[in-house]
Amino acid sequence: MEFLQQNWYWAALASASGAWLAVDLIRNRGDKSQLSPVEATLLINREDAIIIDIRDPAEYAQGHVPNARHIPAGELARRSSELEKWKNQPLILCCATGARSNAALDTLRKAGFDKLYNLRGGMMEWQKAGQPISRKRK
């Protein structure tokens with residue numbers, strides 16, 4: 001007990017860190033549409049998932065997931081008919097951090113797509129995971 005009294009700040013830091021990890025784990029466990037870069041790669045390889053990059057053209061040109069289709073977020077509702085041929089395949093939406101693509105999932109759900117996923121952390125996490133980047137326009 002004396003150790004905790006003398007080192008209360010370390011105990012508080014450990015408690016706060018553990019609580020943060022538990023909240024994050026619980027939040028992500030309920031949402032099966034969020035994929036890590038490794039999970040996205042497995043889905044691409046096993047089920048021929050299609051990557052839809054919704055970033056701006058300048059962001060896309062700086063580097064994107066290989067073979068990703070580029071449809072900027074502002075054009076997604078209008079151009080969703082282009083994705084009809086992949087309606088029965090998993091679609092993984094990707095942006096810079098995962099926030100815009102997470103919001104774009106609703107647009108495609110309203111268009112009737114069921115197998116939708118978000119690349120959690122977006123291109124930032126994709127690059128951190130050491131996954132390949134393509135700079136050629138598709």
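Reader: Let's start with the sheet. How many strands form it, and in what order?
Author: Five strands form an open sheet, running E1-E5-E4-E2-E3, with parallel pairing. Keep in mind that this is a predicted model.

Reader: Which strands stand at the edges?
Author: Strand E1 (34-35) and strand E3 (69-70). Each has a single partner strand, so one side of each has no neighbour in the sheet.

Reader: And how many bridges between E2 and E3?
Author: Two bridges, in the parallel sense. As for a residue pair there, aspartate 53 has histidine 70 in E3 as its bridge partner.

Reader: Moving along to E4, how many bridges pair E2 with E4?
Author: Strand E2 (residues 50-53) pairs with E4 over four bridges, in the parallel sense. Isoleucine 52 has leucine 93 in E4 as its bridge partner.

Reader: What about E4 and E5, how many bridges there?
Author: E4 and strand E5 (residues 116-119) pair over three bridges, and the sense is parallel. Leucine 91 stands opposite leucine 116 in E5.

Reader: Through which helix does the chain cross from E4 to E5?
Author: Helix H6 (residues 99-110). That β-α-β crossover is right-handed.

Reader: Which way do the side chains of E4 point?
Author: Leu91 and Leu93 point one way, while Ile92 and Cys94 point the other way. All of them are buried.

Reader: Let me zoom in on cysteine 94. Where does cysteine 94 lie?
Author: In strand E4, which covers residues 91-94. Its relative accessibility is 0%, and that is why cysteine 94 counts as buried.

Reader: Ok, what is cysteine 94 in contact with?
Author: Leaving aside neighbours within four places in sequence, cysteine 94 is in contact with Ile51, Ile52, Asp53, Ile54, Arg55, Val65, Ser101, Leu119 and Met123.

Reader: How many Å apart are cysteine 94 and lysine 128?
Author: They are 15 Å apart in space, C-alpha to C-alpha, and 34 residues apart in sequence.

Reader: Now alanine 96. Where is its place?
Author: Alanine 96 is in the loop between E4 and H6.

Reader: Is alanine 96 buried or partly exposed, and why?
Author: Partly exposed, because its relative accessibility is 24%.

Reader: Which residues is alanine 96 in contact with?
Author: Beyond its neighbours within four places in sequence, alanine 96 is in contact with Arg55, Glu59, Gly121, Gly122, Met123 and Met124. Take arginine 55: the C-alpha atoms of alanine 96 and arginine 55 are separated by 6.9 Å, with the two residues 41 apart along the chain.

Reader: Switching topic, how much space lies in the largest pocket?
Author: About 170 Å³.

Reader: Which residues are closest to the centre of the largest pocket?
Author: Ile44, Ile51, Val65, Pro66 and Asn67, out of 13 residues that line the largest pocket.

Reader: And which elements give two or more residues to that lining?
Author: Helix H3 (37-47) and E2. The largest share of the lining, three residues, comes from H3.

Reader: Last one, what does the domain assignment give for the chain?
Author: It gives domain 1 (1-30) and domain 2 (34-129). The centres of domain 1 and domain 2, taken over C-alpha atoms, are separated by 34 Å.

Definitions and conventions. Residues are numbered from 1 along each chain as its sequence is written. This is a predicted model: local features need pLDDT of at least 70, side-chain atom pairs count only at pLDDT 80 or more; totals for chains, interfaces and linings use all residues. Side-chain values use heavy atoms; hydrogens and water are left out. Buried means under 20% relative accessible area, exposed over 50%, partly exposed in between (1.4 Å probe, protein chains only). Contact means heavy atoms within 4.5 Å. Domain bounds come from an automatic or database domain assignment. Two strands pair if DSSP finds at least two bridges between them. A crossover is right-handed if, with the strands pointing away from the viewer, the path from the first strand over the helix to the second runs clockwise. On a 1 Å grid over the protein atoms alone, a cavity is a set of points where a 1.4 Å probe fits but cannot get out, and a pocket is an open set with protein on both sides within 12 Å along at least five of seven lines; lining residues have an atom within 4 Å of a point. Grid points are joined across faces, edges and corners, and a volume is the space filled by probe spheres set on the points.
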